Amino acid sequence: MVILADAPYALQELCGISLLERLLRTLQRAGVRAAVVLSRTLEPIDVELRKKSSPRSELEVTLKPASEPISGDELRLTLPADVVWDSRLLSLLLAQEKPCVLLDSGQPTGAMISRGPAATTETRILEVAEQPTYSREMRRDLPLLRIPAPGDDDERKAAERRILAAAQKGALDLPALVHGPVETFFVARLCKTSITPNQLTALCNVVAWATAVFFATGYLVTGTCCALAVGVLDGLDGKQARVKVETSAAGKLEHWLDAFYELAWALALAFYLHASGALPSAWWYLLLLLVAEGVGGLAKLSVIRHYGCLIDELTPLDRKIRLFSGRRNIYIWILAFGLLLGAPASAFVLIAAWQAVSAFVHVLRAAWVTKIRPLDLTAGR
């Protein structure tokens, strides 16, 4: 792996980190463990590389003068560091076994897989425009990012907007469509601080478990306000991680933590509504909620096993169902409206019924797409 990095271009910062740092972090996540950085401006590049950076701590980096030849005949990837590289493009290049050159709109990108000192007549041309743009991780069609170093402040702002927009996942529920722009507003500022995704996860969980305490003790308005805040906080850590290329294995535990406090919220609400006499049958509605959620989860699991993706991203119809299907954000909105109307018990009943209907719809859809009329997901992706 050879990286061409010269100051000041490779050291320009976008969303809180330099282009060189961003590339190194992306390469580590692509499985690269060693890289040689060639530079005509050794001193500033050396200062950047010496900065402590845990998101690239597993990548061994060697800095050399640009004039120094690179020995060895092994297949190697050469990349300019003054570009924001989409991880999918890097994975494409790293998967090549023969010499190739990457072209974007017919223009060389500076990325090249070569064997020995130069490419040969075997060189394959990889067109960016011909690569698939559907991102399974982001659950949506996402144009491949390749952003050259900005030349002025306007270009820098435009580049940062593209990076922030690319951090938004697809197949959202209705409340998340409202949360998304709010999350992006905060992440656009948080990414330029030293706050880490794990710290944001910790903050979210503190507020989430405080919410459970408020629900259990009858402070439903305060708890609902906290739950609405969690709806936004829960999206900040993931976006911060994607924008700053700080994703980690620990970050995947967040989904388990979400499941625990969501269960705690339901238990706390049922406990208070039953104990206060507002809804004597609260435990039965809680049971309906949990059983329906389990049945719906099994239906979704069958789709994942069959297609390798979530049911919510299968078809435009499933994306529309996702907008309103039962999940935490929808339930908190229902509870909030119930409190405004002075009917929290009725809101809890509606939440349980909403989950039951959602599970029924998901079971029908899962049976349809896996047994009755299977889909061809290769079409259009």
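A residue is taken as buried when its relative accessible area is under 20%, as exposed when this area is over 50%, and as partly exposed in between, with a 1.4 Å probe and protein chains only. By this rule leucine 233, at 16% relative accessibility, counts as buried. The model is predicted, so that local features need pLDDT of at least 70 and side-chain atom pairs count only at pLDDT 80 or more, while totals for chains, interfaces and linings use all residues. Residues are numbered from 1 along each chain as its sequence is written, and side-chain values use heavy atoms, with hydrogens and water left out.

The protein chain has 381 residues, of which 47% are buried. Its C-alpha atoms fill a box of roughly 80 × 50 × 35 Å along the principal axes. Contact is defined as heavy atoms within 4.5 Å. Among contacts with a separation of 6 or more, 74% are between residues 24 or more positions apart.

Helix α11 (residues 328-340) packs against helix α12 (residues 344-372) at an angle of about 155°, and their axes are 8 Å apart. Axes are lines fitted to C-alpha atoms, for helices over the stretch in contact, and angles run from 0 to 180 degrees between N-to-C directions. Angles under 35 degrees count as roughly parallel, over 145 as roughly antiparallel, 65 to 115 as roughly perpendicular and the rest as oblique. The helices α11 and α12 are therefore roughly antiparallel to each other. The crossing of α11 with α12 is right-handed; a crossing has this hand if the near helix is turned clockwise from the far one by less than a right angle, and is left-handed if the turn is anticlockwise. On the α11 side the contact is made by Ile330, Tyr331, Ile334, Leu335, Gly338 and Leu339, and on the α12 side by Pro344, Ala347, Leu350, Ile351, Trp354 and Gln355. This contact has 10 nonpolar, 2 polar and no charged residues, where Ala, Val, Leu, Ile, Met, Phe, Trp, Tyr, Cys and Pro count as nonpolar, Asp, Glu, Lys and Arg as charged, and the others, Gly among them, as polar.

Helix α11 also packs with helix α7 (residues 220-243), at an angle of about 150° and with axes 10 Å apart. This angle makes α7 roughly antiparallel to α11. The crossing of α7 and α11 is left-handed. Contributing residues of α7 are Leu220, Val221, Thr224, Ala227, Leu228, Val230, Gly231 and Asp234, and those of α11 are Arg328, Asn329, Ile332, Trp333, Leu335, Ala336 and Leu339. By class, the contact of α7 with α11 has 10 nonpolar, 3 polar and 2 charged residues.

Leucine 233 lies in helix α7. Apart from neighbours within four places in sequence, leucine 233 is in contact with Leu203, Cys204 and Val207. Leucine 233 and phenylalanine 186 are 47 residues apart in sequence, and their C-alpha atoms are 9.7 Å apart in space.

The structure holds 4 aromatic pairs. Rings of Phe, Tyr and Trp (its six-membered ring) pair if their centres lie within 6.5 Å; planes under 30 degrees apart count as stacked, over 60 as edge-to-face and the rest as tilted. Phenylalanine 185 and phenylalanine 186 form an edge-to-face pair, at 5.5 Å centre to centre and 80° between the planes. Phenylalanine 185 is partly exposed, with a relative accessible area of 45%, and phenylalanine 186 is partly exposed at 39% relative accessibility. Phenylalanine 214 and tyrosine 219 also pair edge-to-face, at 6.4 Å centre to centre and 75° between the planes. Phenylalanine 214 is partly exposed at 26% relative accessibility, whereas tyrosine 219 is exposed at 54%. Ring pairs link Phe215, Tyr261 and Trp265 into a cluster.

Valine 349, in helix α12, is partly exposed at 24% relative accessibility. Beyond residues up to four places away in sequence, valine 349 touches Leu279 and Tyr285. Cysteine 100 is placed in strand β8 (residues 100-104) and is buried, at 0% relative accessibility. With residues up to four places away in sequence not counted, cysteine 100 touches Leu93, Met112, Ile113, Thr123, Arg124 and Leu126.

Terms used:
Helix = DSSP H or I, 4+ residues; strand = E, 2+ residues; numbered from the N terminus.
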